[in-house]
Amino acid sequence: MTRQMTGAEMVVQALKDQGVDTVFGYPGGAVLPIYDAIFQQNDIRHILVRHEQGAVHAAEGYARSTGKVGVALVTSGPGATNAVTGLTDALLDSIPIIVLSGQVPTFMIGSDAFQEADTVGITRPCTKHNWLVKDTKTLSGTLHQAFHVAKSGRPGPVLVDIPKDVQFASADYTAPKSANTSNYQPQLKGDIDEITALVELMENAKRPVFYTGGGVINSGPAASQLLRELVEATGFPITSTLMGLGAYPASGTKWLGMLGMHGLYEANMAMHGCDLMINIGARFDDRITGLISAFSPKSKKAHIDIDPSSINKVIKTDIPIVGDVAHVLEDMLKVWKARGRKTNKEGLAKWWTQIEQWRAKDCLAFKQDGPTIRPQYALQRLEELTKGMDRYITTEVGQHQMWAAQYLNFEDPNRFMTSGGLGTMGYGFPASIGVQMAHPDSLVVNVAGEASWLMNMQEMGTAVQFRLPVKQFILNNERLGMVRQWQELLHGERYSHSWSEALPDFVKLAEAFGAKGILCSDPKDLDDAIMEMINHDGPVIFDCLVEKHENCFPMIPSGKPHNEMLLGEASTQGAIEAGGAVLV
Amino acid sequence: MAALKIKKGSTSHSAYNLRPNFSDVQERHTLAVLVDNEPGVLARVIGLFAGRGYNIESLTVAEVDHTGHTSRITIVTTGTPQVIEQIKAQLGRIVPVHEVHDLTVEGPSVERELCLFKVAGEGDKRLEALRLADIFRASVVDTTLDSFVFELTGAPEKIDAFAELMRPLGLVEVARTGVAALSRGAE
Ligand SMILES: Cc1ncc(C[n+]2csc(CCOP(=O)(O)OP(=O)(O)O)c2C)c(N)n1
Ligand SMILES: [Mg+2]
């Protein structure tokens, strides 16, 4: 049975049929018919953001914390161009979202009409795929296909551009079942010969390490479960990228902590010294590898990735396995068990002794002395006071982001939302709104820097309007801290434009929006202040005044290998050479 | 280095072929890319090459299956073996791309280009141009008292050679279609 409806009604129907319950959006002339259709139904909640960038990051937060596809709705022209940063962010971090954009009517396309932009042209390089729908007959099919592409294979953002006349016209609605999705079916199962070759290496490896990434989380809860089983069964140490935190619990005994530019000493040293590196759903990003020619020189490398283009892109792989993490891990476990559950016990024991020596450096140690709150201390207390709670963390971008990754512990996947690949300041606040929408009863904290937070602070209106009790935990160093750190280390301490001047009074700002503001500057008051934030039933801006010149360590300077980490202030003198300064 | 054939929908494809050969040697490869003939697909392919800094030496595209609406894009590119593998893998990610074939490594193939040459001249030069065209089996598709337009089909090297010969004889203008290529044999 087919049903006739308008294009605008099709949009709403397709969203319902795809299981969408929340849309983040902002209206305008070119999407008025869709807004009219939204008005006349009650199944889909629409969250009115205050800027389209906020809508896209909120959809990302929603998607990352649920594993579902996030949806944003924007108007043509400026609405669509405001969505570009969010799309690019989702592309680099492989987050499944759909942006629906209005477009001028088909008969006006190309005439430089009011609020016309070449949206599919602008967003072609920052989406996994996009469509301009020119005929209502193909609209519902395209929408279902868009969902399919967003979530299949390596997930990513897609955009469907819908001209206004297509929204008004009527046609038959295509149900999801009848939509054509057959020509995009990425490979899920890994090659069994390669998997067996990897298991063989695992049986003999003296110094193995699992290097995991966001792909484990994107693969779904089963992948994290299988990963845990594999790690416990083999006893191999495991580290993870920023994007993969929580797939293996931070409390797990095999956990080395995060790796990379600001990763833990033991994690980076293990990567450097291993003889078998098993990359599961990570992509050898430059924040991870450091100097490529000196990257883990003595190891055989296996790489499990659903995207063939990730394999051999930067690092030569000995065992490439194209497939979905959960599928491959399941087969790996099967083969390993069938061959007698062998590992090199003697080698492993020595390896762990070595790792314990690295661990003993206690690279995250810091002293909370004096009257000023150290940012590390603020996060340590936040961790301590929220441990065990049903908690979700988002972050902005900068030093606070790295400290959050270092000092907060993640026990489960989908609990940590941060902008990894693009490093988008302004991501965290709207993302926290998206997370809170999906998890209304959970504690959602955005660990922010004052500069990043200002980039999307207009979303306070959204938080207050929709009674979203998101906690904005701002580590206020009155500095673009990460920029300042680089200027200190690389540019002769010439602090060009890296401090936050004319900051607002955050408490008054919260109050101006009808929310609660808390100021804390004394370490002695911190615990009470954090508890006050947690216990307040509503959005809070927490202005935590911290040490202004703290640097984030450990740090692998750009252009250096993993074993040349800076561990603290004393080690920074002359550590970064001119060659490293051209890198970012 | 072995061929990487990324075929959407296949589950039997072994990534074994992804094994790289991290050499610095620049290689010239001819790729055949089968795509849905939908708006923007060529822009996606070209945008990929531009955005990631890959070379395009030649590019041709036309719909080859009018009922299935599939087009064949033939791209001649150069790069190190690692870059060539990346190009193929990146092409394979594009949603409307169905198949990527590296004709250079998948076995023997034929490459042809069609070319038009305008040659202007009088006297001996004109006679010599006509005589060489005959040797190359180029045909005359337009003539005036002091010019010819020759049509020549052949492998790119043959076309290059003919162009070199015509230059001193009054070559005015050249139009080339770019390379079309197919693998040899029944498959
Ligand atoms: C949109 C955007 N612009 C610029 C940058 C470059 N950048 C990276 S970190 C940083 C400073 C962030 O300052 P703040 O949010 O206060 O965090 P802090 O480092 O002080 O913790 C800047 C400017 C960026 N990542 N994103
Ligand atoms: Mg700051």
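Backbone geometry, fold and ligand shell of a predicted model

N312(A) is placed in the loop between β13 and β14 (319–322) of chain A, where helices (H or I, at least four residues) and strands (E, at least two) are DSSP runs numbered from the N terminus. The structure is a predicted model, in which local features need pLDDT of at least 70 and side-chain atom pairs count only at pLDDT 80 or more, whereas totals for chains, interfaces and linings use all residues. Residues are numbered from 1 along each chain as its sequence is written, and chains are lettered from A and ligands numbered from 1 in the order in which they are written.

Although N312(A) is not a glycine, its phi is positive, at about 65 degrees. N312(A) counts as buried, with 24 C-beta neighbours inside 10 Å; a residue is termed buried if 20 or more other C-beta atoms, placed from the backbone, lie within 10 Å of its own, exposed if 12 or fewer, and partly exposed in between. A positive phi, of about 35 degrees, is also found at S296(A), likewise not a glycine. S296(A) belongs to the loop between α13 (286–289) and β13 (300–305) of chain A, and it is buried, having 23 other C-beta atoms within 10 Å. The peptide bond from F553(A) to P554(A) is cis, with omega near -5 degrees, and P554(A) sits in the loop between β20 (540–545) and α24 (578–581) of chain A. For context, most residues other than glycine have a negative phi, and most peptide bonds are trans.

Chain A contains 24 helices and 20 strands. Its radius of gyration, taken over C-alpha atoms, is 24 Å, close to the 25 Å given for 584 residues by the globule rule, so chain A is as compact as a globular protein of that length; the rule is 2.2 Å times the number of residues to the power 0.38. Of the 584 residues in chain A, 57% are buried.

The shell around ligand 1 comprises 20 residues, of which G398(A), G449(A), A451(A), S452(A) and G481(A) come nearest, a residue being near if its C-beta atom, placed from the backbone, lies within 6 Å of the molecule or strand concerned. At least two shell residues are supplied by each of α17 (399–407), α19 (450–455) and α21 (481–490) of chain A. By class, the shell divides into 7 nonpolar, 10 polar and 3 charged residues, with Ala, Val, Leu, Ile, Met, Phe, Trp, Tyr, Cys and Pro counted as nonpolar, Asp, Glu, Lys and Arg as charged, and the others, Gly among them, as polar.

The model scores ipTM 0.90 and pTM 0.94.
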